[in-house]
Amino acid sequence: MGKPSGFLEFTRELPGKLPVQDRVKNYNEFVERFSEEKLNQQSARCMNCGVPFCHSGCPLGNVIPEFNDAIYRKSWEEAYDILTSTNNFPEFTGRICPAPCESACVLGINQPPVAIEEIEKHIIEIAFDKGFVKPRKPNMRSGKKVAVVGSGPAGLAAAAQLNYAGHTVTVFERDDAPGGLLRYGIPDFKLEKWVIDRRIALMEEEGVTFKCNANVGVNVSINDLLREFHAIVLSGGSTVPRDLPVPGRELKGVHFAMTFLKQQNKRNAGKDPLANAAIESNIYSEDIFATGKNVVVIGGGDTGSDCVGTSNRHGALSVTQFELLPKPPEGRTTFMPWPTYPMTLKVSSSHEEGAQRHWAIATKAFVGDEKGNLKALKVVDLEWKITEDGRPAQFVEVAGSERELPCELALLAMGFVHPQHAGMINELGVELDERGNVRATDKAYQTNIQKVFAAGDVRRGQSLVVWAISEGRECARKVDEFLSGGVSLLESRDQNIIMAV
């Protein structure tokens, strides 16, 4: 460990942020960088536990105490090598991961946990600054060709790993630029798109080919892929949003959250927000703005929070966020013991910028005017019955609480149900599980079609970016085994890197 007394001398600190009144004027990232002294202090807080539970908290199994020690010693390249032995894209997870590793930090039992996510972000940015990040080209090619369908975090991770193993990888993306949800879904103020472009350029130097505006099952034949490639990885994500089928759903002003967010991503990139709308699972034909409107975001998760931040930047008259469930506690309860991930109250940077938040509330109907425009929501308060282990189980409506709230823009941010079936999935004939996701075994990531594999949200359902990267890496290892007919080159390569440092 870097400093045995570090956790006693220093408390948790996070980098500063631009003031709210400044950051809502644009869509740029607003989190500042640590000074070298502050970064040294935060890494010194790591206790190098005998059993580092942070490893198990992280879906990627990041080797956290070791890279904290390297940062404390200012051994920047060593820290970079350790971090990238398990994580292909720390510049993404360091910005947008909810940090389950920190929830499992041993120091977090009785103190604020180590600022692992921020340290991770600083390692990769310092590595780019110092020129440590270079194209990693395979020494030789296997002669095998792999198609990766979808360029979100799972697809990018699978493509990178398979390329390192020497296979020739082509990534097919139905949008006009790679990145999937990272590019068209996550707001620029959380992840500026030059960060994605920088990584894509590096992968192209390493030999990965990207084909955009390539919608497999629509303008790219699935039969051509089956004929031309030795293996196919499905990594298209979970893209069909959960709807709210209540009276008035058809009114103008009721939209899916991802449609709203994607349009703004395109505007920020100087692109037509309605371009390629026909390939979306939720077709739209109008520009969506929150400017001067009472906005209600239905759904209390990260996507809902992103809608709050974007609406504030549009200049909304008011922003309100609904959550069906009761308000969570601010700290761990006896039903959320360490090191489990606690379902506690989250206050995002978007909430700091201004939003009314309502819990235990349901939307009964959308109310329109004579022209078919949304003007209000009919809502009701809920009373939840809590089980003995602290979970909300069932609810009843509170008598006399029904009322109307003014609303000209309602954004549905209630998650996603499964991948889009029309097109590629139906044409392939891959089996689906009971939730409508592509069925692929946990151990092999292989579908009922021998050469077709699946990874990420398309297989496991809606989840975190860090889980998608983990899935892409593991799937790549199984594809490599399938193509080589034996032990995966990737497994031995990564283990050698870890042992070397």
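A charge sits over a ring if NZ of Lys or CZ of Arg is within 6 Å of the ring centre and within 35 degrees of the ring normal. Hello everyone, and let's keep that in mind as we look at this structure, which is a predicted model.

Here is a case to begin with. The charged end of Arg23 sits over the ring of Phe30, and the distance to the ring centre is 4.3 Å. Another case involves Arg267, found over the face of Phe289 at 4.0 Å from the centre of that ring.

Let's stay with rings for a moment. How many aromatic pairs does a search of the whole structure find? The search gives five. One of them joins Phe172 and Phe229, in an edge-to-face arrangement with 6.0 Å centre to centre and 85° between the planes. Phe172 belongs to strand 2, residues 168-172, while Phe229 is in the loop between helix 12 (222-228) and strand 4 (231-234), so this pair ties together parts that lie 57 residues apart in sequence.

Now please find helix 5, which runs over residues 64-72. This helix is mostly covered, with seven of its nine residues buried. Those buried residues are Ile64, Pro65, Phe67, Asn68, Asp69, Ala70 and Ile71. What do they pack against? Their partners are helix 3 (36-44), helix 4 (53-57), helix 6 (76-84), helix 8 (100-103) and helix 9 (116-130). Just after helix 5 comes Lys74, with a positive phi of about 60°.

That brings us to the backbone. Most residues other than glycine have a negative phi, and most peptide bonds are trans. With that in mind, have a look at Asn48, in the loop between helix 3 and helix 4. Asn48 is not a glycine, yet its phi is positive, about 50°. Its relative accessible area is 36%, so Asn48 is partly exposed.

Asn213 can be found in the loop between strand 3 (209-211) and helix 12. Here too we have a residue that is not a glycine but has a positive phi of about 50°. Asn213 is partly exposed, with a relative accessible area of 40%.

Our last stop is a peptide bond. Trp338 and Pro339 are joined by a cis peptide bond, with omega at about 5°. To find Pro339, go to the loop between strand 8 (318-323) and helix 15 (349-352).

Notes
Residues are numbered from 1 along each chain as its sequence is written. This is a predicted model: local features need pLDDT of at least 70, side-chain atom pairs count only at pLDDT 80 or more; totals for chains, interfaces and linings use all residues. Side-chain values use heavy atoms; hydrogens and water are left out. Buried means under 20% relative accessible area, exposed over 50%, partly exposed in between (1.4 Å probe, protein chains only). Helices (H or I, at least four residues) and strands (E, at least two) are DSSP runs, numbered from the N terminus. Contact means heavy atoms within 4.5 Å. Rings of Phe, Tyr and Trp (its six-membered ring) pair if their centres lie within 6.5 Å; planes under 30 degrees apart count as stacked, over 60 as edge-to-face and the rest as tilted.
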